[in-house]
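I opened this one to jot down a few things worth looking up. Here are my notes, in the order I made them.

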Amino acid sequence: MTASRIDGKAAGVAVRERVAKGVRAFEQRAGRPPGLATVLVGEDPASAVYVRSKNRATAEAGMASFAHNLPDTTSESELLQLVADLNADKRVDGILVQLPLPSHIDEKKVIATIEPSKDVDGFHAMNAGRLATGLDALVPCTPLGCLYLLKAELGDLSGLDAVVIGRSNIVGKPMAQLLLGENATVTIAHSRTRNLEEVVSRADIVVAAVGRPEMVRGHWIKPGATVIDVGINRLPTDDGKGRLVGDVAFDEAVEFARAITPVPGGVGPMTIAMLMRNTLVAAHRRAGLADPE
Ligand code: NDP
């Protein structure tokens, strides 16, 4: 068996086109476009690239983009004040504070200060709790993108055995909640899990969100399973540019899986697409409108 590749790039483009349509419809009803504010503190090059592409995608979707790029000397209280100002700004529907923050700033405090209805990253405890209790929530973008790809591939996930490897608040835990919401039978594995290979080999769905290059081996995968590889790991190469690989040994896993996301080109493009979607959803909810399609 050779697995099909799940094309996250194409799926991401489709989601962003639908969001752009939704943006135009929202603007007609609300008299203003949805707005996303990004906050970047410091000079971390990877974070700067992420934030720039988020700003570009926001503008491409027809939304208002408010970019706040602050020096890494910014104090915690200055950042908290900016978040408070964005909470109060009626043009802003979504607030994204790019993580990680410089070490002198308490990330938890900053996330807790974001107005939950504008928390388009879905990291606020209010949104995590709402997701866990089955209420409307803003859900973290990466797991939301993974779920979109899984449903596009498999349709109904009801009764399927799913293993999520990783239990971070950003990916693993919300992924497990989403799969539970789709009536999958969910196992969450982590660094203390015993016999991970055996746990993975039972699963119809494997979501790997670990951050360890090619840790999940091909022969662990149950024949016919669907594999979503969230990991982004850079391996050194002779030319110094490095090579991106996932948490799954892709070349091995294609021999066992039914479908698998490549790295890059799988989950990554879905994350930004879902950020756009979350901002559109937040704008609708804040304006008292039903969620967009
Ligand atoms: P974290 O480091 O926060 O979490 C990693 C998880 O993996 C932890 O729960 C950890 O367990 C678990 N883990 C570590 N080692 C092992 C092991 N040997 N066996 C089983 N589980 C293990 O990472 P994130 O969740 O933030 O990110 C995971 C990966 O996804 C990273 O590569 C990151 O770059 C990528 N990522 C990609 C995104 C995208 O857009 N494509 C977005 C976000 C992340 P424990 O809790 O016990 O320590």
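This is a predicted model: local features need pLDDT of at least 70, side-chain atom pairs count only at pLDDT 80 or more; totals for chains, interfaces and linings use all residues.

**Ligand shell.** I sorted the shell residues by type and got 10 nonpolar, 12 polar and three charged. Next I asked myself which of the 25 residues around the ligand come nearest. My list reads Gly166, Ser168, Ser191, Gly211 and Thr271. I also looked up which helix gives the largest share of the shell: H10, residues 267–286, with three residues.

**H10 and its partner.** From H6, the contact is made by Cys141, Thr142, Leu144, Gly145, Cys146, Tyr148 and Leu149. From H10, I listed Val267, Met270, Thr271, Ala273, Met274, Leu275 and Asn278. I then sorted the residues of this contact and found 10 nonpolar, four polar and no charged.

I went to the UniProt record for names. An unreviewed entry there places "domain: Tetrahydrofolate dehydrogenase/cyclohydrolase NAD(P)-binding" at residues 140–286. In the model I get 37% helix and 18% strand for that span, with its end C-alpha atoms 18 Å apart. The unreviewed entry also lists "domain: Tetrahydrofolate dehydrogenase/cyclohydrolase catalytic" at residues 6–121. Here I get 51% helix and 16% strand, and the end C-alpha atoms are 24 Å apart. The domain assignment of the chain gives me domain 1 as 30–115 and domain 2 as 141–269. How far apart do the C-alpha centres of domain 1 and domain 2 lie? I have 29 Å in my notes.

I kept the backbone for last. Most residues other than glycine have a negative phi, and most peptide bonds are trans, so I went looking for exceptions. The bond from Leu99 to Pro100 is cis, with omega near 0 degrees. I located Pro100 in the loop between strand S4 (94–97) and helix H4 (107–113). The bond from Val263 to Pro264 is cis too, with omega near 0 degrees. Pro264 sits in the loop between strand S11 (259–260) and H10. Finally, Asn195 has a positive phi, near 50 degrees. I placed Asn195 in the loop between strand S6 (185–189) and helix H8 (196–201).

Conventions: Residues are numbered from 1 along each chain as its sequence is written. A residue is near a molecule or strand if its C-beta atom, placed from the backbone, lies within 6 Å of it. Helices (H or I, at least four residues) and strands (E, at least two) are DSSP runs, numbered from the N terminus. Ala, Val, Leu, Ile, Met, Phe, Trp, Tyr, Cys and Pro count as nonpolar, Asp, Glu, Lys and Arg as charged, and the others, Gly among them, as polar. Two residues are in contact if their C-beta atoms, placed from the backbone, lie within 7 Å. UniProt positions are given in the numbering used here, feature names are shortened, and annotations may be inferred rather than shown by experiment. Domain bounds come from an automatic or database domain assignment.
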